Amino acid sequence: MKSKHAMKAAGLVLIAVVLAMLTVQGSYALWNKAAGSNGGTVQAADFRISLTDTQAGSVTDMTLSNGTAATLALSSTGVGALLPGQSSYAGVQVNNLTDAGGDFTVRATTTAPVVANNPGSSLAQYITVKAVTAGSLAQCSQPAIYGQAAVSGTAMVDVAKYGAGVFCFQVTLSATMPASVSGQSAQIAIPVTVNQL
Amino acid sequence: MNKMTKGAIATGVGIVLMVGGGGTLATWNQAQNGSMGKVVAGDLNLVPASAGVWTNASGAVIAIANYKVVPGDTLTYTQPLNVTLGGDLMVARLAVTGASAADGFGSNATVSATTLTKADNKVVAATTDLRPADSGIVTASTTFTFNKSTTDRNAVAASVDLSGIGYSLVQQAPVDSNNK
């Protein structure tokens with residue numbers, strides 16, 4: 001019976017000690033002083049690149065709000081039926097819209113154009129595409145700028161923060177296209193990749 | 001004048017003479033001051049010497065509230081601290097508290113352990129004993145690195161709050177300290 005009382009008393013004393021220690025919160029310490037850093041918050045920039053169509057002026061971010069890559073349908077000059085040996089032109093402007101605090105230059109690169117037939121068409125093999133960079137979208141319809149470009153080649157442009165770069169495309173229908181494919185259509189896809197430098 | 005009156009007068013004169021003698025009722029005695037002086041407490045204090053400053057990799061001072069980092073960026077936060085230590089047996093240790101992880105950046109960024117450096121460029125470790133002679137400016141430095149290896153659009157618009165980082169200066173008990 002006595003030991004039971006003793007244990008109860010010991011328990012109460014222990015609780016009292018713990019409560020006392022918690023209440024005074026570290027009063028075992030000697031002098032001490034704390035200072036804050038006020039370091040603030042470090043925020044990452046947005047990697048935002050937009051594409052502007054030469055002809056229609058339509059604009060889209062390369063990355064959509066759902067995180068997927070955007071597709072921009074380019075309109076071309078000389079809309080209508082192309083005759084064998086003729087060319088049509090299109091262009092896209094790459095805009096670096098980052099909010100980065102420091103330098104943020106990106107490199108935009110076109111990969112080889114992919115020409116694909118629409119269902120029931122065999123036109124693709126008679127289409128050639130050239131890609132070049134230009135100083136402005138207005139230059140895209142000037143045949144001279146495609147003189148040195150390779151068919152199905154790639155183009156590359158560096159774009160500084162808040163800057164813009166331009167890709168121009170020349171789509172040519174082969175002069176040897178047989179009359180049997182007249183009226184057919186094909187799709188041309190030119191992937192654009194942008195990397196931070 | 002009767003005898004009673006004469007006796008009272010004589011007694012009064014005698015007492016007045018004794019008062020005039022200035023305590024001559026006591027035996028010889030002497031007083032002396034202790035010359036113990038004052039007991040003066042030392043000091044321990046830690047305050048920012050000036051506002052902390054963020055710089056980017058090129059050394060330019062930036063306003064962190066408006067600055068957005070990109071992969072490859074390295075930011076350094078420098079905070080001068082004024083350490084005051086006084087007392088003959090004063091020993092204290094300066095440490096960093098509340099170190100932050102890279103938070104929203106995940107593995108794409110690293111926040112370095114904060115380093116503390118005295119004016120003579122000696123590093124103050126958490127176990128370094130500081131004494132009154134070490135009073136003065138200690139510079140705290142923390143580096144945020146946004147890894148160049150970050151791919152795709154990882155960590156775009158991420159953030160990490162570093163305001164939780166602090167510094168503490170704690171006295172160490174003298175060797176022969178009491179238990180009070």
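## Disulfide of chain A

The torsion about the S-S bond of C140(A) and C168(A) is about -70°, so the disulfide is left-handed. In this predicted model, the sulfur atoms of C140(A) and C168(A) are 2.0 Å apart. The structure holds one disulfide over all chains.

Where do the two cysteines, C140(A) and C168(A), lie in chain A? C140(A) is found in the loop between β8 (127-134) and β9 (156-159) of chain A, and C168(A) belongs to strand β10 (residues 164-173) of chain A, so the pair ties together parts that are 28 residues apart in sequence.

## Extent of the interface

The size of an interface is often given as the accessible area lost when the parts come together. Between chain B and chain A, the buried area is about 2800 Å², and carbon and sulfur atoms give 55% of that area. Three residues, K68(B), V70(B) and R153(B), supply 22% of the area that chain B buries against chain A, more than any other three residues.

In terms of contacts, 45 residues of chain B are in contact with 26 residues of chain A.

## Polar contacts and composition

Between chain B and chain A there are 23 residue pairs in polar contact, counting pairs with both residues at pLDDT 80 or more. Several strands of chain B contribute to the side that touches chain A: β1 (43-48), β4 (68-69), β5 (74-86), β9 (136-146), β10 (159-161) and β11 (166-171) each supply at least two residues. By class, this side of chain B comprises 31 nonpolar, nine polar and five charged residues.

## Salt bridges

The structure holds seven salt bridges over all chains, and the count between chain B and chain A is two. One of the salt bridges joins K68(B) to D99(A), with the closest N and O atoms 3.1 Å apart. This pair crosses between chains, from strand β4 of chain B, which holds K68(B), to the loop between β5 (87-96) and β6 (106-110) of chain A, which holds D99(A).

## Strand pairing across the chains

Which way do strand β1 (residues 32-36) of chain A and β11(B) run, parallel or antiparallel? The two strands run antiparallel and are joined by five bridges. Within this pairing, K33(A) stands opposite L169(B) in β11(B). Strand β11 (166-171) of chain B is also among the strands that each supply at least two residues of the side of chain B that touches chain A.

Methods. Residues are numbered from 1 along each chain as its sequence is written. Chains are lettered from A and ligands numbered from 1 in the order in which they are written. This is a predicted model: local features need pLDDT of at least 70, side-chain atom pairs count only at pLDDT 80 or more; totals for chains, interfaces and linings use all residues. Side-chain values use heavy atoms; hydrogens and water are left out. Contact means heavy atoms within 4.5 Å. Buried area is the accessible area (1.4 Å probe) that two parts lose on being put together, summed over both. A salt bridge is a side-chain nitrogen of Lys or Arg within 4 Å of a carboxyl oxygen of Asp or Glu. A polar contact is a pair of N or O atoms within 3.5 Å; within protein, one must be able to donate a hydrogen and the other to accept it, and residues adjacent in sequence count only if both atoms are side-chain atoms. Helices (H or I, at least four residues) and strands (E, at least two) are DSSP runs, numbered from the N terminus. Ala, Val, Leu, Ile, Met, Phe, Trp, Tyr, Cys and Pro count as nonpolar, Asp, Glu, Lys and Arg as charged, and the others, Gly among them, as polar. Two strands pair if DSSP finds at least two bridges between them. A disulfide is a pair of cysteine sulfur atoms within 2.5 Å.
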